[in-house]
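Here are my notes on the model you sent over. Have the structure open while you go through them.

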Amino acid sequence: MSLSKTASLREIERKFLVKRLPDGLTSFPHDEIMQGYLAIEEGGVQVRLRQKGSIRSLTYKRGNRRAREEREIRLSAEQFDALWPATAGRRLTKIRYEVPWREHTIEIDIYRGRHDGLVVAEVEFPDETSCDAFQPPDWMGEDVSGKSRYSNVALAHD
């Protein structure tokens, strides 16, 4: 196993509902994501398994605010397959598009299955200042950062 995020152990992001999909969405890089949760505790502690394309990872997150601690390691297919059954009842699937916009990459998640029709956009930032200064494009709607009903943990349980 190797660390896949070594530059920062903090995730700073905002999440928005999407009013309409941007033009040419399917031309941008995208992957199907399957994710499930091994552990969820109060205080925003999560241990997540994710397969994004051919990349499999285990991620530990802690915190409920827009800046959270995050540690991620890559897993082999065998490691992922050994852990995946433990996420039963706490899973979701989505297609993620990576849309460049100004100096950012906007990740648009189109949920599948029981959340079909839900579309959100997330933007990660290097610091709180750039997070606060972010002005979304007009196709993005309400800022739902920190609203638990839109968290992947909540969506995995519905």
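1. Fold order. Going along the sequence, the protein chain runs β-β-β-β-β-α-β-β-β-α-β-α. That makes three helices and nine strands. Both kinds of element are DSSP runs numbered from the N terminus, with helices being H or I of at least four residues and strands being E of at least two.

2. What you're looking at. This is a predicted model, in which local features need pLDDT of at least 70 and side-chain atom pairs count only at pLDDT 80 or more, while totals for chains, interfaces and linings use all residues. Residues are numbered from 1 along each chain as its sequence is written, and side-chain values use heavy atoms, with hydrogens and water left out.

3. Confidence. Mean pLDDT (the predictor's confidence in each residue, from 0 to 100) is 92 for the protein chain, and 94% of its residues reach 70 or more. Residues 1-7 are below 50, though this stretch still has 14 contacts in the model beyond near neighbours in sequence; a contact means heavy atoms within 4.5 Å.

4. Overall size. The radius of gyration of the protein chain is 15 Å, which agrees with the value near 15 Å for a compact globule of 158 residues. That radius is taken over C-alpha atoms, and the globule rule is 2.2 Å times the number of residues to the power 0.38. The C-alpha trace spans about 45 × 30 × 25 Å along its principal axes.

5. Packing. Of the 158 residues, 42% count as buried, meaning under 20% relative accessible area; exposed is over 50% and partly exposed is in between (1.4 Å probe, protein chains only). Take the contacts between residues at least 6 apart in sequence: 60% of them join residues at least 24 apart.

6. Thr59. Which strand holds Thr59? Thr59 sits in β4, residues 55-62, and counts as buried because its relative accessibility is 1%. Leaving out residues up to four places away in sequence, Thr59 touches Gln46, Val47, Arg48, Glu70, Arg71 and Glu72. Gly24 is 35 residues from Thr59 in sequence, and their C-alpha atoms are 31 Å apart.

7. Pro136. You'll find Pro136 in the loop between α2 (128-133) and β9 (140-143). Is Pro136 buried or partly exposed? Pro136 counts as partly exposed, because its relative accessibility is 30%. Not counting residues up to four places away in sequence, Pro136 touches Phe16 and Trp101. Ala121 is 15 residues away along the chain, with 9.9 Å between the C-alpha atoms of Ala121 and Pro136.
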